[in-house]
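Hi,

Here is the structure for you to look over. My notes follow below it.

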Amino acid sequence: MKLADTPCYTLYIADIEPSPQGVRHRRREREEAAVSALMREAFGHGTVRGHDSTGAPVAIVDGTPLRCRISLSHSATHAVLAVARAASDIGVDIEEPRPSLSRVVERILSPAERADCDTQDSRLLAWTMKEALYKASRRHFSFEPAFDTDLHLSGRAAGLDFNHAYISVKDSIVAIVWR
């Protein structure tokens, strides 16, 4: 389902089939099925996901990579696909509130950012923003960026400024970052 369509990007979302009660196996297969459905919706049948030399996902039709940038993410219940117009940088992340988020925040935020993120909601926004910013900016780094020092909640990374937005979806938050 198309979640957002802007002059800079289009955002799609699909539900991930729930597992049978008490069964965790085949989760990866359910995630891949949701991603495949998103790729078909965005680009048509016969589209597959590949990866470029940096590990970023690419849409491939008939063996040829499309000339657009994409970003993918999934949570336990949803998968999202962001498609940038032309060859713009794009990153997307979807997250749900969870107890382990407090431990993650200690590793990904600078001390100043941690001081500003004192609620579960603010920590969730910070995590989704940093993950989406990493995806959008990583090709501009000549090294593996550190989340706490090289990626900033302001949208700055690799000496570049990125735009960002958030969308609430049921019990999840989607962060999208583009340039």
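**Cysteines, sheet and pocket**

C117 counts as buried, because its relative accessibility is 9% (buried is under 20% relative accessible area, exposed over 50%, partly exposed in between; 1.4 Å probe, protein chains only). C8 is partly exposed, at 35%.

This is a predicted model: local features need pLDDT of at least 70, side-chain atom pairs count only at pLDDT 80 or more, and totals for chains, interfaces and linings use all residues. Residues are numbered from 1 along each chain as its sequence is written, and side-chain values use heavy atoms, without hydrogens or water.

The disulfide count is zero (a disulfide is a pair of cysteine sulfur atoms within 2.5 Å). For C8, the nearest cysteine sulfur belongs to C68, 14 Å away.

Next, the sheet. It is open, with three antiparallel strands ordered β3-β4-β5 (strands are DSSP runs of E, at least two residues; helices are H or I, at least four; both are numbered from the N terminus). Strands pair if DSSP finds at least two bridges between them. β3 and β5 (64–65) are the edges. Five bridges join β3 to β4. One partner pair is G50 with V58 in β4.

Last, the largest pocket. Its space is about 390 Å³ (a pocket is an open set of points on a 1 Å grid over the protein atoms alone, where a 1.4 Å probe fits, with protein on both sides within 12 Å along at least five of seven lines; lining residues have an atom within 4 Å of a point). The volume is the space filled by probe spheres set on the points, which are joined across faces, edges and corners. Of 25 lining residues, A56, P57, I70, S71 and R138 are closest to the centre. β6 gives the largest share, five residues.

Best wishes
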